[in-house]
Every structure is written in structure tokens, then in C-alpha cells.
Amino acid sequence: MALGVLLALAILLRLQPILVEPSAVWPDEIFQTSEPAHRLVFGSGLVAWEFQLGVRSWLLPGIIAGLMELSRIIGDGPDYYLPVIAVGFAGLAAAPVVCCFLWCRPLFGITGALLAGLAVAVAAEPVYFGARTLSETVAGHLLVVGIWALEPGYPVVSRRRLFYGGALLGLVFATRVQLAPAIAVAMLWTNWRADRGRLAATLAGVAAMLAAAAVLDTPDPRLSLCLGVALRPL
């Protein structure tokens, strides 16, 4: 129950700079994510040169487009899709709070875990940047979750979990390639002196996610599994 209250606090704090006092810290927050997503859903919007030349992945705009499409159940327009997007990304931004709690609970007990999670929940930078549609913030959240999946504080023997952890690291790379050094460090740390089966399962997850991202961003829209039809007008 206490963790639920902590999560609610984290989400509400991250919604404040997005919905209560709307702000934008960088043009990429709009033109590299929400704007191409708007074009996918509504047919109008700018497409930056990075997407035309394949420098950026359509993965993040595709997720935002899915949230926009979901918001059309209740109505069209920014009054409907902006809150849905904000809540979705605020929920993702609260995931590191849960990871911190789970890491600290075996070491410091419930009280220590709640204090550690509270520190992450109310920290200024995660609050202000956490729910923004920026690739670096989204990839940062996914990186924390991926590391927790591979190294939760006890030996992981499930090959399925290792596969999913590797897939999360591959998703981090597809979302923000600049985090490749951090991904390499995470791979070395979590597989140091590990058996070959553990490393193989993790690498299989990474490879599967990168292959899926490559198919998504192929120049031929007929080979795209998710956005093929939507990309034809581009």
C-alpha cells in the first residue's frame, strides 16, 4: 500500500510540469516525437530530416501515435491526446522508483526501501524531465528497468527473464544510441563471470529487439510491421 502511494506521488509530480504548468525544454520534445506521431494518426505534421534519412527510429513516435489513437476513443484533438500521452510517460517515469524500492528492500527493509524510493520520486530532475517525450529520458527509464531485470539483487536463473532484460537493453539502444557505452557497462556488470547460457540469453534478447527495430525503420514501408500503411503518405 505504501509503495502504491509512493507511485501515485511520483506520477502526480511528473504530470505537474506537463499538464498543470505546460512547458517545453527543447524543440525535440515536439518535433522529434509528438509531431511525427501526429502525422501518423491525423495525416498532418512536419517530418524532420532525421526520420527521412533514417537517423532516428520511428519507435518512439510510433508509441506516441498509439497513445494518440487510443485517446480518440473519447475525442479528437490535443485536449484529449496530450493528457493520455502525459499519463503514459509519467507512468514509465515512475518505473525507476519501483526498481529502487525493490533493490533496497532486501538490504534495508521496507522503511529503507520506501525512503530510497521517495528520494527518487521527489528528485528535481526526474520530476521535471521524467514525463517528457524526449528519447534520452525515455531511454534512461528503460535502462534502469533493464538493469533491474538482469541484476535484481539476487542471482537470475530464468533464461526468459534474461531474454527480456536483454530486450530492454536493445530497446534502450534503439531509442537512444548515445547510451551505447552505458549499455556496454551494464552488459559487462551483469554478465561478469557468468556462464555462457546466461550471456547467450541476454544477447538473444538484445538481438531480437534490434532486429525488430531494424524492420520497423526499414526504408521500404511494405516491410514495416507496425507503421507500413501509415508511412506511405510520407
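I shall speak about helix packing and then about the nonpolar core.

This is a predicted model, in which local features need pLDDT of at least 70, side-chain atom pairs count only at pLDDT 80 or more, and totals for chains, interfaces and linings use all residues. Residues are numbered from 1 along each chain as its sequence is written, and side-chain values use heavy atoms, with hydrogens and water left out.

Two packed helices are described by the angle between their axes and the distance between the axes. Helices here are DSSP runs (H or I, at least four residues), numbered from the N terminus. Axes are lines fitted to C-alpha atoms over the stretch in contact, with angles from 0 to 180 degrees between N-to-C directions.

The axes of H1 (residues 2-20) and H5 come within 9 Å and cross at roughly 140°. H1 is therefore oblique to H5 (oblique is what remains after under 35 degrees, roughly parallel, over 145, roughly antiparallel, and 65 to 115, roughly perpendicular).

H5 (residues 78-93) and H8 (residues 135-150) have axes that come within 9 Å and cross at roughly 40°. These two helices are therefore oblique as well. Phe89, Leu92 and Ala93 of H5 meet Val138, His141 and Leu142 of H8.

Which residues have the most contacts inside the largest nonpolar core? They are Ile64, Met68, Ile85, Phe89, Leu169 and Val172, in a core of 29 residues. H5 and H8 are among the helices that each supply at least two residues of this core. Such a core joins buried (under 20% relative accessible area, 1.4 Å probe, protein chains only) Ala, Val, Leu, Ile, Met, Phe, Trp, Tyr and Cys residues through side-chain atoms within 4.5 Å.

Technical notes: Contact = heavy atoms within 4.5 Å. Buried < 20%, exposed > 50% of the residue type's maximum accessible area, 1.4 Å probe, protein only.
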